Amino acid sequence: MPLPAPHSAEDRQQLETYWQEIKRIAKEGDIPRSADLLSQLVQTCRAVLGPVHPLTLHIQISLCAALGANGKAGLAIVALLDIAATAQHYYGPYHPARYLISADVYTCLRRVHPEMAQEVYDFPLKSLIERDESDLPSGLHSVRRAIHAQLGIDNEMLL
């Protein structure tokens, strides 16, 4: 199991700020540049935060989205499935990162391979999304609501 790298909250904040700037570049349409910058940022995050830190994995998902938009859907799909497997392996069934990372993978996969996205939905997302909030540990209530919002799921749809 990879050990987390010692880092400060300031380190994390700087990496997150840089990630937000790269996302702005992508929104402006410079996908090739954003992919290059994201690739560099992933390497930095792996060194500073560790390879399985949630921020590292979320930035890898952004890189996959950029790769998919750059015509490298096959590579993006393989990487996304690996990221989902990593989150499921390293984060237990009561850890928010397991579901937040999987929801981002699902969202990205829906664009390039809906069938694979459905597999990520079926496990692990379905077990969180389709359960009544009262049946979940309190630490997952806000995560469930955030994922519902991200995926555009109305609680009434599940009744």
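**View 1. Contacts across the chain of this predicted model.** Take the contacts between residues at least 6 apart in sequence: 55% of them join residues at least 24 apart. Burial can be counted too. Of the 159 residues, 40% count as buried.

**View 2. The fold is built from helices.** The protein has 7 helices and 0 strands. Its radius of gyration is 16 Å, close to the 15 Å that the globule rule gives for 159 residues, so the protein is as compact as a globular protein of that length. Read along the sequence, the pattern is α-α-α-α-α-α-α. Along the principal axes, the C-alpha trace spans about 45 × 35 × 25 Å.

**View 3. The surface and its charges.** About 8,600 Å² of the protein is accessible surface. Carbon and sulfur atoms account for 54% of that area. Among the side chains, 14 are positive and 18 are negative. The centres of these two sets lie 2 Å apart.

**View 4. An aromatic pair, Y106 and Y121.** The structure holds 1 aromatic pair. The ring centres of Y106 and Y121 are 5.7 Å apart and the planes meet at 45°, so the pair is tilted. Planes under 30 degrees apart would count as stacked, and over 60 as edge-to-face.

**View 5. Where the two tyrosines sit.** Y106 belongs to helix α5, residues 96-112. Y121 belongs to helix α6, residues 114-129.

Terms used. Residues are numbered from 1 along each chain as its sequence is written. This is a predicted model: local features need pLDDT of at least 70, side-chain atom pairs count only at pLDDT 80 or more; totals for chains, interfaces and linings use all residues. Side-chain values use heavy atoms; hydrogens and water are left out. Helices (H or I, at least four residues) and strands (E, at least two) are DSSP runs, numbered from the N terminus. The radius of gyration is taken over C-alpha atoms; the globule rule is 2.2 Å times the number of residues to the power 0.38. Buried means under 20% relative accessible area, exposed over 50%, partly exposed in between (1.4 Å probe, protein chains only). Contact means heavy atoms within 4.5 Å. Accessible areas come from the Shrake-Rupley method with a 1.4 Å probe; for residues, only the protein chains shown count as cover. Lys and Arg count as positive and Asp and Glu as negative; His and the chain ends are not counted. The place of a charge is taken as NZ of Lys, CZ of Arg, CG of Asp or CD of Glu. Rings of Phe, Tyr and Trp (its six-membered ring) pair if their centres lie within 6.5 Å; planes under 30 degrees apart count as stacked, over 60 as edge-to-face and the rest as tilted.
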